[in-house]
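Look at the fold before you read on. Follow the chain from one end to the other, and then come back to the text.

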Amino acid sequence: MSDTDIVLYRGDDEERKVRIYEPDEELKPYNLTNIKRLDLWAKVRSRTVISLSSTDETIKVVDAENGVILLKFNHDLTKYAIWSEANYDLQTISNTGAV
């Protein structure tokens with residue numbers, strides 16, 4: 001999988017549109033049609049500092065067939081942030097439960 005930098009500013013509401021690609025394919029969009037849920041965690045030293053999910057609509061599927069999602073970062077998520085860099089992981093959970 002590739003890495004994408006997401007730059008956020010403390011205390012700001014931010015939205016980022018992202019296209020997800022197949023893990024081992026060159027520029028083939030990841031089809032989200034059969035995806036039940038998406039979760040994103042940002043961690044600093046194994047501590048979760050940001051959590052987004054399609055269950056609470058902080059992640060929205062914009063174009064399922066072309067793998068486009070919208071990440072919504074509410075200002076409360078970064079309001080008191082003291083970290084300057086975090087690693088994140090985006091997981092997809094299919095309708096069959098596969099991660």
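Two strands pair if DSSP finds at least two bridges between them. Strands themselves are DSSP runs (E, at least two residues), numbered from the N terminus. Strands of a sheet pair through backbone hydrogen bonds, either parallel or antiparallel. This is a predicted model, in which local features need pLDDT of at least 70 and side-chain atom pairs count only at pLDDT 80 or more, while totals for chains, interfaces and linings use all residues. Residues are numbered from 1 along each chain as its sequence is written, and side-chain values use heavy atoms, with hydrogens and water left out.

Start with strand 2. Strand 2 and strand 6 run antiparallel, joined by 8 bridges. Which residue of strand 6 is the bridge partner of L40? The partner is L90. Further along, K43 has N87 of strand 6 as its bridge partner. K43 also stands opposite T48 in strand 3. Strand 2 and strand 3 are joined by 6 bridges and run antiparallel.

Look at the hairpin of strand 2 and strand 3. It has 2 residues between the strands, and R45 takes a positive phi near 45 degrees there.

Next, find D39, which lies in strand 2. Is D39 buried or exposed? D39 counts as buried, because its relative accessibility is 4%. Buried means under 20% relative accessible area, exposed means over 50%, and partly exposed is in between (1.4 Å probe, protein chains only). The side chain of D39 makes a polar contact of 2.7 Å with the side chain of S53. A polar contact is a pair of N or O atoms within 3.5 Å; within protein, one must be able to donate a hydrogen and the other to accept it, and residues adjacent in sequence count only if both atoms are side-chain atoms.

Strand 1 and strand 5 pair over 6 bridges in the antiparallel sense. In this pairing, R19 stands opposite V68 in strand 5.

Finally, turn to the largest pocket. A pocket is found on a 1 Å grid over the protein atoms alone: it is an open set of points where a 1.4 Å probe fits, with protein on both sides within 12 Å along at least five of seven lines, and lining residues have an atom within 4 Å of a point. The volume of the largest pocket is about 1100 Å³, meaning the space filled by probe spheres set on the points. Its lining has 35 residues, and T4, I6, L40, Y88 and D89 lie nearest the centre. Strand 6 gives the largest share of the lining, 6 residues.

T4 is found in the segment before strand 1. T4 is partly exposed, with a relative accessible area of 38%. T4 and Y88 are 84 residues apart along the chain, yet their C-alpha atoms are separated by 9.6 Å.

Methods
Helix = DSSP H or I, 4+ residues; strand = E, 2+ residues; numbered from the N terminus.
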